[in-house]
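Please look over the structure below before reading on. The report covers the chain, the interface and a few charged pairs.

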Number of protein chains: 2
Amino acid sequence: MRERGTHERSVVESILDEGIVCHVGVVDGSAPIVSPMAYARLGTNLYLHGAARNRTLDLLASGSAACVTVTLVDGLVLARAAVHHSMNYRCVMLFGVGATVEDPEEKLAASTALLERMVPGRSTVARAPSVPELRATTVVRFPIDEGSAKVRTGGPKDDPEDLSLPVWAGVIPLELRARPGVAEPDLAVAAPAPTVALGSRPNRSEPLAP
Amino acid sequence: MRERGTHERSVVESILDEGIVCHVGVVDGSAPIVSPMAYARLGTNLYLHGAARNRTLDLLASGSAACVTVTLVDGLVLARAAVHHSMNYRCVMLFGVGATVEDPEEKLAASTALLERMVPGRSTVARAPSVPELRATTVVRFPIDEGSAKVRTGGPKDDPEDLSLPVWAGVIPLELRARPGVAEPDLAVAAPAPTVALGSRPNRSEPLAP
């Protein structure tokens, strides 16, 4: 099997820890809305942070049922036959109900985790949030409780009769890369751009443990 | 304004044409489900292709209200203050109702567009779908009709009193890159791996036209 689902927590967590954007689905009336949000994992919870006040954040914060999906695209799978083209990917879908974080300490921990996810050590360098800033920030806690991961790895699955066709087949690996940082023009410090953390990037050709 | 929404079709289409995975939200009973799907744009429609038969595809094909979101993450925005950290991104959210494509010619056109989106010219190289293969493939048409784009570009927005802090601030650009192709071990042809198309990659520091 090149595509398989799992409920194994370690697999779910490794995918969550590598992603930087999740897609949050909520239901507004009877219509679904899917919005991208920044997030970080702390233990058995995700902490979601809206770019700005929006409908999804409002619905999430008010306890609507939600689905949080994180997808990492690992490669394009080129088969000899058109119909067998595919993608290698790792995906986590979580189901549950979010809750607004009210406790200032938990809010600060979530805010710190979000910064550290982007750049390790960043939370010790950036000016820490003030009490009013923290109060004005909406952070939603979402449990990593119900859900699953789905992973496709490996090459194409062509039919035996197509294997002799003179067509290139294989995988084109894709990766999210950071380019050199672009500093603000008015920096008060001569320092190099920090190094970002784009995840553990495990060996993607390894199948999941059963 | 560093973050702005738009209903301009050219902006929406350029984002759709650069993405390779969309997140499709549907409502199952009263609960949202968000699944990643491959897609390609042909004119004023998206054509969605499920990795396998799944609940989202079934609901989409049966005409459930859906939200299709494509997000491109362009950079991490590092501010001097923790609270002003952000991401540069381009996102399209479309709302509507999908329909299963029954016409074999439209199905073939959608399948061709999906291949060409991955690798230009691929549909002329790969073995074309047979009539039974085409019949067994589920393709959903989704109109690019109701929705909007949202784009954040540029550097951080620190407060004036933080500008003198000795903290690096700026943007770390992110990009999806293709690594060298990994050929199947049993290729019948000595050919280089094809070049993939990861989108037009416009100058991301340019603000949107008003």
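What is the accessible surface of chain A, and what percentage of it belongs to carbon and sulfur atoms? This surface comes to about 9000 Å², and carbon and sulfur atoms hold 56% of it. Keep in mind that the model is predicted.

**Chain A**

Chain A contains eleven strands and five helices. Its C-alpha atoms fill a box of roughly 65 × 50 × 30 Å along the principal axes. The chain has 210 residues, and 50% of them are buried. Take the contacts in chain A between residues at least 6 apart in sequence: 75% of these join residues at least 24 apart. Chain A carries 21 positive and 24 negative charges.

**The interface**

The size of an interface is often given as the accessible area lost when the parts come together. Chain A and chain B bury about 7100 Å² between them. Carbon and sulfur atoms account for 67% of that area. On chain A, 85 residues are in contact with 85 residues of chain B. Eight salt bridges are counted between chain B and chain A.

**Salt bridges**

Over all chains, the structure holds 28 salt bridges. Three of them are listed here.

| Pair | N to O distance |
|---|---|
| Arg9(A) and Glu13(A) | 3.6 Å |
| Asp159(A) and Arg127(B) | 4.0 Å |
| Asp158(B) and Arg80(B) | 3.1 Å |

Start with the helix pair. Arg9(A) and Glu13(A) both sit in helix α1 of chain A, residues 9-18. They are four residues apart, about one turn of the helix. Arg9(A) is partly exposed, at 37% relative accessible area. Glu13(A) is buried, at 17%. Both residues also belong to a network of salt bridges that includes Asp17(A) and Arg41(A).

Next comes the cross-chain pair. The side chains of Asp159(A) and Arg127(B) meet in a salt bridge. This pair crosses between chains: Asp159(A) is in the loop between β9 (146-152) and β10 (170-178) of chain A, and Arg127(B) is in the loop between α4 (122-125) and α5 (131-136) of chain B. Asp159(A) is partly exposed, with 23% relative accessibility. Arg127(B) is also partly exposed, at 23%.

The last pair lies within chain B. Asp158(B) and Arg80(B) are joined by a salt bridge between their side chains. The pair links distant parts of the chain, 78 residues apart. Asp158(B) is in the loop between β9 (146-152) and β10 (170-178), and Arg80(B) is in the loop between β5 (65-78) and β6 (86-97). Asp158(B) is buried, with a relative accessible area of 13%. Arg80(B) counts as buried because its relative accessibility is 1%.

Conventions: Residues are numbered from 1 along each chain as its sequence is written. Chains are lettered from A and ligands numbered from 1 in the order in which they are written. This is a predicted model: local features need pLDDT of at least 70, side-chain atom pairs count only at pLDDT 80 or more; totals for chains, interfaces and linings use all residues. Side-chain values use heavy atoms; hydrogens and water are left out. Helices (H or I, at least four residues) and strands (E, at least two) are DSSP runs, numbered from the N terminus. Buried means under 20% relative accessible area, exposed over 50%, partly exposed in between (1.4 Å probe, protein chains only). Contact means heavy atoms within 4.5 Å. Accessible areas come from the Shrake-Rupley method with a 1.4 Å probe; for residues, only the protein chains shown count as cover. Lys and Arg count as positive and Asp and Glu as negative; His and the chain ends are not counted. The place of a charge is taken as NZ of Lys, CZ of Arg, CG of Asp or CD of Glu. Buried area is the accessible area (1.4 Å probe) that two parts lose on being put together, summed over both.
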